[in-house]
Amino acid sequence: MSNRGHLAILGASGHGKVVADIAMQSGWREVTFYDDAWPDRTRLEHWSVRGDIEGLLTRLSRFDGVVVAIGNNAVRQAKLERLADADARLATLVHPRATVSPLARLGAGTVVVAGAVVNAFAELGPGSIVNTGATVGHDCRLDACVHVAPGANVAGDVSVGRGSWIGVGAAVRQGVHIGEAVMVGAGAAVVADIADGLTVAGVPARPLSADAASASLTAPRDASTRRRLGLASSQGRS
């Protein structure tokens, strides 16, 4: 975004602090927080929390960009959809000490944290998070609202379905397909395809449950919402 003036951040939490830090270090002049815990939550460190999402939606014209700083993938997607329906200017944030190939594609609302690496021809769907020190290899396809947790390593040519979580320090072998709403446990080694909705853990990663996460995420509501988020289909591929 060329005009890095005033950024609204939805989500006044620990992840929100990280997002605000990235915003300031990447040139945004001012940040204002919103959170659905308002008015019970009115401050986050030295920042004020000015309202909830309803208040934000009435003030979108005051901001040069909006980002959702909510770690929960399903909640983040729901908030992004509401903002997209309101034609919010969704910001993409990359920490200046992250390495993102100019040949990679980052969807609207994506956040890339310090020390992360996103390699050539990787595609990250809207609302994705590549957290501290995580890596996303060449030609990977991450669908909307995927979270690659701190220190996780996703090798080349991996596809990850919408709303999946790659846990802290996990490793994913090249060429693997991970389905939608999958939870990969911390330190797991994914060496084979993972079906939708599974929770897996261990070395090699094995299923713990079949349906814990599968009902929590739904496709964007309609074609217009998908277009606003930069999604070509209900599968979330950009």
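Reply: Happy to; we'll begin with the whole chain, settle on that sheet, and then visit its neighbours.

Please keep in mind that this is a predicted model. The protein chain has four helices and 24 strands. Of its 238 residues, 51% are buried. If you take the contacts in the chain with a separation of 6 or more, 33% of them are between residues 24 or more positions apart.

Now to the sheet. Three strands make up an open sheet, and their order is β2-β1-β5, with parallel pairing. At the edges are β2 (30-34) and β5, each of which pairs on one side only. From one strand to the next, the twist averages 25 degrees.

Look at how β1 and β5 are joined. Strand β1 covers residues 6-10, and four bridges connect it to β5, the two strands running parallel. You can find some of the partners yourself: L7 has G65 of β5 as its bridge partner, while I9 is partnered by V67 of β5.

What covers the two faces of β5? In a regular strand, side chains alternate between the two faces of the sheet. Strand β5 (residues 65-68) is covered on both faces. G65 and V67 are buried on one side, and V66 and V68 are buried on the other.

Helix α3 (residues 73-85) lies across β1 and β5, and its direction runs at about 160 degrees to β5. The other helix to look at is α1, which takes up residues 14-25. Its twelve residues reach 17 Å from the first C-alpha to the last, close to the 16 Å expected at 1.5 Å a residue. Which residues of α1 are buried? They include H15, G16 and V19, and A20, I22 and A23 are buried as well. Seen down the axis of α1, the buried residues fall within an arc of 160 degrees, so they line one face of the helix. Just after α1 comes G27, which takes a positive phi of about 110 degrees.

A pair of aromatic rings is described by the distance of the centres and the angle of the planes. Searching the whole structure turns up two aromatic pairs. One is formed by F33 and W47, with 5.5 Å from centre to centre and 55 degrees between the planes, and it is tilted. This pair links distant parts of the chain, since F33 is in strand β2 and W47 is in strand β4 (residues 47-48), 14 residues apart. Both F33 and W47 are buried.

The other pair is Y34 with F63. Their ring centres are 6.0 Å apart and their planes are at 90 degrees, so the pair is edge-to-face. Y34 belongs to strand β2 and F63 to the loop between α2 (53-57) and β5, so this pair ties together parts that are 29 residues apart in sequence. Y34 is buried, and F63 is buried too.

Let's finish this part of the tour at D35. Where does D35 sit? Its place is in the loop between β2 and β3 (43-44). Is D35 buried or exposed? With a relative accessible area of 11%, D35 is buried, because buried means under 20%. Leaving aside residues up to four places away in sequence, D35 touches L10, G11, A12, R41, V49, G51 and D52. One of these, V49, is 14 residues from D35 along the chain, and the C-alpha atoms of the two are separated by 6.8 Å.

For contrast, have a look at another sheet in the chain. Five strands form an open sheet in the order β8-β11-β14-β17-β20, with parallel pairing. Its edge strands are β8 (105-106) and β20 (177-178), each pairing on one side only. Inside this sheet, two bridges join β14 (residues 141-142) to β17 (residues 159-160), and these strands run parallel. There, R141 stands opposite S159 of β17.

Terms used:
Residues are numbered from 1 along each chain as its sequence is written. This is a predicted model: local features need pLDDT of at least 70, side-chain atom pairs count only at pLDDT 80 or more; totals for chains, interfaces and linings use all residues. Side-chain values use heavy atoms; hydrogens and water are left out. The expected span of a helix is 1.5 Å times one less than its number of residues. Buried means under 20% relative accessible area, exposed over 50%, partly exposed in between (1.4 Å probe, protein chains only). The arc is that of the directions from the helix axis to the C-beta atoms. Two strands pair if DSSP finds at least two bridges between them. Axes are lines fitted to C-alpha atoms, for helices over the stretch in contact, and angles run from 0 to 180 degrees between N-to-C directions. Contact means heavy atoms within 4.5 Å. Rings of Phe, Tyr and Trp (its six-membered ring) pair if their centres lie within 6.5 Å; planes under 30 degrees apart count as stacked, over 60 as edge-to-face and the rest as tilted.
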